[in-house]
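Please take a moment with the sequence and the model before reading on.

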Amino acid sequence: MTPPLVLGILASSSFVSAGDFESIATVTVGSGGASSITFSSIPTTGYAHLQLRGILKTTASGVDLSPMTLTVNSDTTFTNYRNHQLYGDGSTAQSYDTQTSSWQGAGVGGVINAGATNTFTAIVIDILDYASTQKNKTFRSLYGADANGSGQVGLWSGLWMNSGTAITSLTTQFPQGRTIAQYSHFALYGIKSA
């Protein structure tokens with residue numbers, strides 16, 4: 001089985017202003033891939049929001065896209081998550097409201113599989129008010145991939161229903177047990193608070 005990658009977070013720099021994006025951590029997946037990527041020990045002060053950016057693909061065969069999920073604080077209780085999806089492939093548009101026990105996290109986008117040679121999905125996920133202990137946490141994502149005649153672009157929104165807890169870790173993975181392919185790259189940013 002491909003091992004997960006877990007990253008600890010370093011203390012932030014003081015050379016940025018309110019509203020600026022500050023790099024918290026980055027990772028590039030090595031040979032053999034990774035079953036998941038976890039950003040742990042995310043600081044709960046200094047930032048208003050988080051943004052996770054990725055350029056990635058799965059090791060699954062075919063050129064279809066696999067749904068990627070975002071799990072918060074290792075909470076895999078599927079009833080604590082909801083997501084809405086709107087996406088299209090150039091000829092058909094679809095929308096869904098999803099809550100499924102196989103996901104164990106909020107769906108945040110589709111990721112292209114290995115059958116699409118030299119093609120990766122680009123995704124940007126906003127995690128709003130992540131440190132609040134007064135509200136549920138919401139995610140919004142924009143993603144897209146082109147596989148020379150096939151592919152997909154989409155907007156997804158997600159919800160983690162745990163209003164009393166700040167987000168201190170985020171894990172990306174695929175509910176089908178698929179592996180994140182080599183050369184996939186993730187970068188976590190904090191948006192500085194006032």
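The paragraphs below go from the sheet to the aromatic rings and then to the charges beside them.

This is a predicted model, in which local features need pLDDT of at least 70, side-chain atom pairs count only at pLDDT 80 or more, and totals for chains, interfaces and linings use all residues. Residues are numbered from 1 along each chain as its sequence is written, and side-chain values use heavy atoms, with hydrogens and water left out.

An open sheet is built from 8 strands in the order β2-β13-β4-β9-β10-β11-β6-β7, with antiparallel pairing; strands are DSSP runs (E, at least two residues) numbered from the N terminus, and two of them pair if DSSP finds at least two bridges between them. Because β2 (21-28) and β7 (93-98) stand at the edges with a single partner strand each, one side of each is left without a neighbour in the sheet. Within the sheet, β10 (residues 137-146) and β11 (residues 151-160) run antiparallel and are joined by 10 bridges.

The aromatic pairs number 3, where rings of Phe, Tyr and Trp (its six-membered ring) pair if their centres lie within 6.5 Å, and planes under 30 degrees apart count as stacked, over 60 as edge-to-face and the rest as tilted. Phe 21 and Tyr 189 form an edge-to-face pair, 6.5 Å centre to centre with 70 degrees between the planes, and this pair links strand β2 to strand β13 (residues 185-192) across 168 residues.

Arg 53 lies over the face of Tyr 189, at 4.1 Å from the ring centre, while the charged end of Lys 57 sits over the ring of Phe 120, 5.1 Å from its centre; the rule requires NZ of Lys or CZ of Arg within 6 Å of the ring centre and within 35 degrees of the ring normal.

Key
Helix = DSSP H or I, 4+ residues; strand = E, 2+ residues; numbered from the N terminus.
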